[in-house]
Amino acid sequence: MLNIYNSQQFNFLKKHNFSVFTNKSLNKKEKKFLKTLYISCGIIDKNNSEISYKTEDILSILNYDSIARLEKFLNNIISKRVFYRIEEDNKLLQNGSFGIINSYSVYKGKVYFLLSEEILLSFVEKTLFSYLKIDKFIFMEENFSYNLYLYLIPLFYNQKEVNIELDKLKNILNAETSYERFYDFEKYILKKAIEDIVTFSKYNLSYYKMKTGKNINNKVTAIKFILNNKKPGNYFDVKYAANELLNMVKSHITNINEMYELILLYIVKRNYDYVLLNIKYVLANYTDNIEKHLKRALLYDLGNTEKTDKYTLYVEDIAHFKTPFILQMNLWRHLNKVSSEIPDYDDVNRLYYSDFFKKIIKLKDKEEFDFTNDSVRIFIKYNVKEESIIRIYIHKEV
DNA sequence: AATCTGTTTCTCCACCTTGA
DNA sequence: TCAAGGTGGAGAAACAGATT
């Protein structure tokens, strides 16, 4: 059997064909629920892979009015299974099946979930389930997004732009015969697929429409995909984030391994922004002995400077949110939008490394929350009974 | 198990707007 | 004036729940 924890030795993607499918398809509501779980996956750690929500939050997300109805929904989703088949030389090598959600428990006003081990493993590099891209398969809202991801992302291995003829693209996306008008195809298929890939992977993908001539109204014949800039890994990819930060100071450091371990430690112990802020502080204020100053800065948080007025209001959302959880969902949506609207702006993704969202979920009535890093400032005032305020400010230099 | 009934989702299209 | 861009909605299909 293939080693599920480390399939590196199999040169997996070159040697094997694989397919992944479910016994019963997941409907919109189930996908919405899974997306909620996915966001929470960011705050899972090795010792505690349980995800929990207040019962009222989960009821309001799914628009149910009783726990009995919720349990019916959960029992139904638990009955859905993922199947996979791996082929070598066109012969079946291994196949298998696993559930998506292992269990739920209702206890004292909260609902607890355990995801299947296979899904958690799919977030860990070089495991069998990460090669099968199980996380993308489960969490992406549309099945065709998974197909596009599998086809497209490997093509970026040695190039930054990929051109795909419209016919070929429709074939990949299972839409050869439907959506004859390009406008409809773009709206219902292409944009959704891109959105899924940007939301559920570390890749920041965009596209251009290639036309027959220079006129804006010419026929679209192909799509040029562009990989803009990498996000700092997915939620679980702390090592990737540590490497990224290490690269900023690498040239000033003699003991690289020790510094790597130190950065990794502080990302886990504090958060990504904490380390980034202190690295920037040291690089801006010192020219020699960087290593020593950085250790000091990380220990005493010297880079944590006071707020400035260099921020400009970018999003304001004043609305009634029944629970802090719903507020958090909306904030998340705004942040994704900010991230996609501002070119080369991906700092928002780094918030996932901090305990940012945990704090927002715990907001109480009339409580204010003010968060600042060097590219974004987020202000929230939460009101249970009346309208709450979400304000997102962007640093003027971004 | 078969039927019906109301709801959601998917696909396509008529019609309108926009800009070269 | 033309074709792409955009909107809303019709009709079909799929689905879920209730009833027989």
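1. Starting with the fold of chain A: of the contacts between residues at least 6 apart in sequence, 61% join residues at least 24 apart (a contact being heavy atoms within 4.5 Å). This is a predicted model, where local features need pLDDT of at least 70 and side-chain atom pairs count only at pLDDT 80 or more, while totals for chains, interfaces and linings use all residues. Residues are numbered from 1 along each chain as its sequence is written, chains are lettered from A and ligands numbered from 1 in the order in which they are written, and side-chain values use heavy atoms, with hydrogens and water left out.

2. Chain A has 16 helices and 13 strands; these are DSSP runs numbered from the N terminus, helices being H or I with at least four residues and strands E with at least two. Of its 398 residues, 48% are buried (buried means under 20% relative accessible area, exposed over 50%, partly exposed in between, with a 1.4 Å probe and protein chains only). Chain A exposes about 21100 Å², with 47% of that from carbon and sulfur atoms; the areas come from the Shrake-Rupley method with a 1.4 Å probe, and for residues only the protein chains shown count as cover.

3. On to charges: the structure holds 9 salt bridges, each a side-chain nitrogen of Lys or Arg within 4 Å of a carboxyl oxygen of Asp or Glu. One of them joins the side chains of Glu30 and Lys80 at 2.8 Å, N to O. The pair links distant parts of the chain, 50 residues apart, with Glu30 in helix α2 and Lys80 in the loop between α4 (67–78) and β3 (81–88). Glu30 counts as buried because its relative accessible area is 0%, and Lys80 is buried too, at 5%.

4. Leaving out residues up to four places away in sequence, Glu30 touches Ser25, Phe73, Asn76, Ile77 and Lys80. Glu30 and Phe73 sit 43 residues apart in sequence, with their C-alpha atoms 8.4 Å apart.

5. Another salt bridge pairs Lys209 with Glu186, closest N and O atoms 3.0 Å apart. This pair also links distant parts of the chain: Lys209 is in strand β8 (residues 205–211) and Glu186 in helix α10 (residues 182–200), 23 residues apart. Lys209 is partly exposed at 38% relative accessible area, whereas Glu186 is buried at 7%.

6. Worth a look in the viewer: Ser145, in helix α8 (residues 143–152). Ser145 has 0% relative accessibility, so it counts as buried. Not counting residues up to four places away in sequence, Ser145 touches Met140, Lys192, Ala193, Asp196 and Ile197.
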